[in-house]
Amino acid sequence: MSKVVVIPCSGIGKVMGLLSRETALEVTNRLAPEITETACLGQLVTGDEDARVKITGRPCITIDGCTANCAIESVTAIGGNIQAKYQVLDEMRKHRGKNAGDGSMLTVEGWQIVDEFAAHIAKRAEELHKEGRTNG
C-alpha cells in the first residue's frame, strides 16, 4: 500500500504557513509515519516531475494557511487526488485569542494548536488508509 501524501502550503514568513508546515511534519514524522509522507508544494508548483509522480494516483491531504488555497489549487492543477482539505484559519477559529507566534517561531500555544490539528489530520489519514484509498 502506498502512503497518504500530506501537502502543506508554504506560507513563508507567515504564522499560518508555519502552522501548516509544522502540522504536516508532526503527522508525517511522529503521529503516522508508517502511512503518511509529505510532498514539497514548491516542487509541485514549479513542475518538478518527481514531485508530480509522487502524488499521482495517491490520496492527498492538503493543509492551507489562508484562503488563497495554494495547496489545494496546485495539487488540483496537476491532477492530484485530494481526499481531505484543511485550512489553518478554520483551526484557529477554535483557538480564538491564542497567540500562535509569528512566521519564524511558534509559541507554546502555537505548538498546542499544532498538536491538536495534527492529531485530527492523522486520524483522517488513518481512516483513508483503512478505507483502502491508499492503493496506488
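In this predicted model, the side chains of E91 and K94 meet in a salt bridge, with 3.1 Å from N to O.

**Charged pairs**

- Side chains of opposite charge can pair when their charged atoms come close.
- The side chains of E37 and R58 form a salt bridge at 2.4 Å, N to O, and this pair links distant parts of the chain, with E37 in strand 2 and R58 in the loop between helix 3 (49–55) and strand 3, 21 residues apart.
- Within that pair, E37 counts as partly exposed because its relative accessibility is 23%, while R58, at 11% relative accessibility, counts as buried, the limit for buried being under 20% relative accessible area.
- R93 and D90 are likewise joined through their side chains by a salt bridge, at 2.5 Å from N to O, and because they are three residues apart in helix 5 (residues 88–93), about one helical turn separates them.
- Both of these residues are partly exposed, R93 at 48% relative accessibility and D90 with a relative accessible area of 39%.

- Four strands make up an open sheet in the order 2-1-3-4, and the pairing is parallel.
- At the edges of this sheet are strand 2 (36–38) and strand 4 (81–87), each of which pairs on one side only, and from one strand to the next the twist averages 25 degrees.
- Strand 1 (residues 4–8) pairs with strand 3 (residues 59–64) in the parallel sense over four bridges, and I7 stands opposite T62 in strand 3.

**Helices across the sheet**

- Helix 4 lies across strand 1, strand 3 and strand 4, and runs at about 150 degrees to strand 3.
- Helix 6 (residues 108–130) lies across strand 1, strand 2, strand 3 and strand 4, and its direction is at about 165 degrees to strand 4.

- A71 is found in helix 4 (residues 70–77) and counts as buried because its relative accessibility is 0%.
- Not counting residues up to four places away in sequence, A71 touches I7, P8, C9, L41, T62, I63 and D64, a list that includes both I7 and T62, the residues that stand opposite each other where I7 faces strand 3.
- The C-alpha atoms of A71 and G42 are separated by 9.6 Å, although these residues are 29 apart along the chain.
- T28 has its place in helix 1 (residues 15–31) and, at 7% relative accessibility, counts as buried.
- Leaving aside neighbours within four places in sequence, T28 is in contact with V6, P33, T36, E37 and T38, so that E37, whose side chain also meets that of R58 in a salt bridge, is among the residues that T28 contacts, as the cut-off for contact is heavy atoms within 4.5 Å.

Terms used: Residues numbered from 1 in each chain as written. Predicted model: local features only at pLDDT ≥ 70, side-chain atom pairs only at ≥ 80, totals over all residues. Heavy atoms only, no water. Helix = DSSP H or I, 4+ residues; strand = E, 2+ residues; numbered from the N terminus. Buried < 20%, exposed > 50% of the residue type's maximum accessible area, 1.4 Å probe, protein only. Pairing = 2+ DSSP bridges. Axes fitted to C-alpha atoms, helices over the stretch in contact; angles between N-to-C directions. Salt bridge = Lys/Arg side-chain N within 4 Å of Asp/Glu carboxyl O.
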